[in-house]
Number of protein chains: 2
Amino acid sequence: MIDHTLLLPDATSADFERHFAEAIEHSFFAVCIPPFFVPLAAKALKKTPVKICTVVGFANGYNMAATKVFETKHAFIQGAHEIDMVINIAALKSGDHAAVLDDIRSVVRAAHGHTVKVIIETYYLTREEKIAACELSMKAGAHFVKTSTGFAKGGATPEDVALMAQIVGGKLGVKASGGIHDRATAEKMISLGATRIGTSHGVSIVTGQSLTSTSQY
Amino acid sequence: MIDHTLLLPDATSADFERHFAEAIEHSFFAVCIPPFFVPLAAKALKKTPVKICTVVGFANGYNMAATKVFETKHAFIQGAHEIDMVINIAALKSGDHAAVLDDIRSVVRAAHGHTVKVIIETYYLTREEKIAACELSMKAGAHFVKTSTGFAKGGATPEDVALMAQIVGGKLGVKASGGIHDRATAEKMISLGATRIGTSHGVSIVTGQSLTSTSQY
């Protein structure tokens, strides 16, 4: 259930090589990595069951929809299997639901059936906006809603995961991400309805070893 | 000399309308805003001398070069006059100077003579990497080097501005940005070689009024 995540702006190709090896060793579902490193991942993970997930419109979400579409298409061309797109937070906060819907729908279409997760970035949203974000994601045909980028000041909370699971009602997956540093937190999120966990602490979660990490994710 | 900046992920269209009005009132050189709001800016700033600057590959820089090129082209089509692109920090930290150069050069070509500023995100870089970033920006034909996105844990420092000005030697502009909250800091940066100031505190800098702001920029 773990998307093994490395999205730090200053991570190097050596860090990614190690990250891919960890994903293979611990049989994580996927790696979640920046677009620039998808070709490297495609090489490293060839002939393994580990999927490649990359990010679109990350981490602020206020790109043009056309740019997100372009980034989506090219991610799949380069070997990605899933994408995590950031919702247009600014449009959502402005009450422009038509723009939010168009943005997600354009990306879902560009993904041609591949899994699209919509990062709603709960930290910035009111309860009403969280509900609207989930409803618009469903309407647009996305496959998951996801709590957080890991770049806002707050990540997944139990309350948000429960709310999102309730709104999507099993029709979409729920990915809890941001600040999930240990097994107890991951299990709690799953018990509340999370169907995928995004974390940079996957190794310590599955092995029980505590790792020193500078990641905020 | 001020790029009046609003790049918070959760700023609304009402916030941007106010931002544009401030730029007109105080005769700022430009507004620096997300791609999604360029059409709104083009409308609000029509028949005014205020330029529109938007961001590319923002704020992590690890997009594919092709996506940055797409984002650049469409920004100008929609009415932008300048772009601030984020350097591929991860490629630079990996020592892959060829990828960094190709990334910047592709964007400069796509900009067709429009001003391209390269955000080198000094916070993550060693002294040698800062120098390489400036040299690669020059080699690629960019017009400015810029210190920071405002999204890392640190912004412009006097030392970095002085170093960047020394490396580019007057051939490129130097934009100091990130954490410039008052007039004294802005003037200090200019005395050290900054030729543009990116700040969300432009109004208080020019009027002397202190504003309460939640912006990290």
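## Exercises on a predicted model

Ala59(B) is placed in the loop between E3 and H3 of chain B. The structure examined here is a predicted model.

**Exercise on cis peptide bonds**

Identify the residues joined by a cis peptide bond in chain B and in chain A, and state where the alanine of chain A lies.

Solution. Begin with chain B: Phe58(B) and Ala59(B) are joined by a cis peptide bond, with omega at about 5 degrees. Turn next to chain A, where a cis peptide bond connects Phe58(A) with Ala59(A) and omega is about 10 degrees. Finally, locate the alanine: Ala59(A) belongs to the loop between strand E3 (51-56) and helix H3 (65-77) of chain A.

**Exercise on backbone angles**

Determine where His112(A) lies, and whether Lys47(B) is buried or exposed.

Solution. First, consider phi of His112(A), which is near 45 degrees, a positive value in a residue other than glycine. His112(A) is found in the loop between helix H5 (97-110) and E5 of chain A. Its relative accessible area is 69%; since exposed means over 50%, His112(A) is exposed. Second, Lys47(B), likewise not a glycine, has a positive phi of about 65 degrees. The loop between helix H2 (38-44) and E3 of chain B contains Lys47(B). With a relative accessible area of 83%, Lys47(B) is exposed.

**Exercise on salt bridges**

State how many salt bridges the structure holds over all chains, and explain why the pair Lys117(A) and Glu82(A) ties together separate parts of the sequence.

Solution. The count over all chains is 26 salt bridges. In one of them, Lys117(A) pairs with Glu82(A), and their closest N and O atoms are 2.6 Å apart. Lys117(A) is in strand E5 (residues 115-119) of chain A and Glu82(A) in strand E4 (residues 82-86) of chain A, so the pair ties together parts that are 35 residues apart in sequence. Lys117(A) and Glu82(A) are both buried.

Proceed to Lys175(A) and Asp84(A), whose side chains form a salt bridge at 2.7 Å, N to O. This pair also links distant parts of the chain, 91 residues apart, with Lys175(A) in strand E7 (residues 173-177) of chain A and Asp84(A) in strand E4 of chain A. Lys175(A) is buried at a relative accessible area of 0%, and Asp84(A) counts as buried at 0% relative accessibility.

Because the two are three residues apart in helix H1 (residues 13-25) of chain B, Arg18(B) and Asp15(B) are separated by about one helical turn. Arg18(B) counts as partly exposed at 47% relative accessibility, and Asp15(B) counts as partly exposed at 25%. In chain A, salt bridges that share partners join Asp3(A), Glu82(A), Asp84(A), Lys117(A), Lys146(A), Lys175(A) and Arg196(A) into one network.

Solution. Now examine one pairing: strand E7 (residues 173-177) of chain B and strand E8 (residues 196-199) of chain B run parallel and are joined by three bridges.

How values were computed:
Residues are numbered from 1 along each chain as its sequence is written. Chains are lettered from A and ligands numbered from 1 in the order in which they are written. This is a predicted model: local features need pLDDT of at least 70, side-chain atom pairs count only at pLDDT 80 or more; totals for chains, interfaces and linings use all residues. Side-chain values use heavy atoms; hydrogens and water are left out. A salt bridge is a side-chain nitrogen of Lys or Arg within 4 Å of a carboxyl oxygen of Asp or Glu. Helices (H or I, at least four residues) and strands (E, at least two) are DSSP runs, numbered from the N terminus. Buried means under 20% relative accessible area, exposed over 50%, partly exposed in between (1.4 Å probe, protein chains only). Two strands pair if DSSP finds at least two bridges between them.
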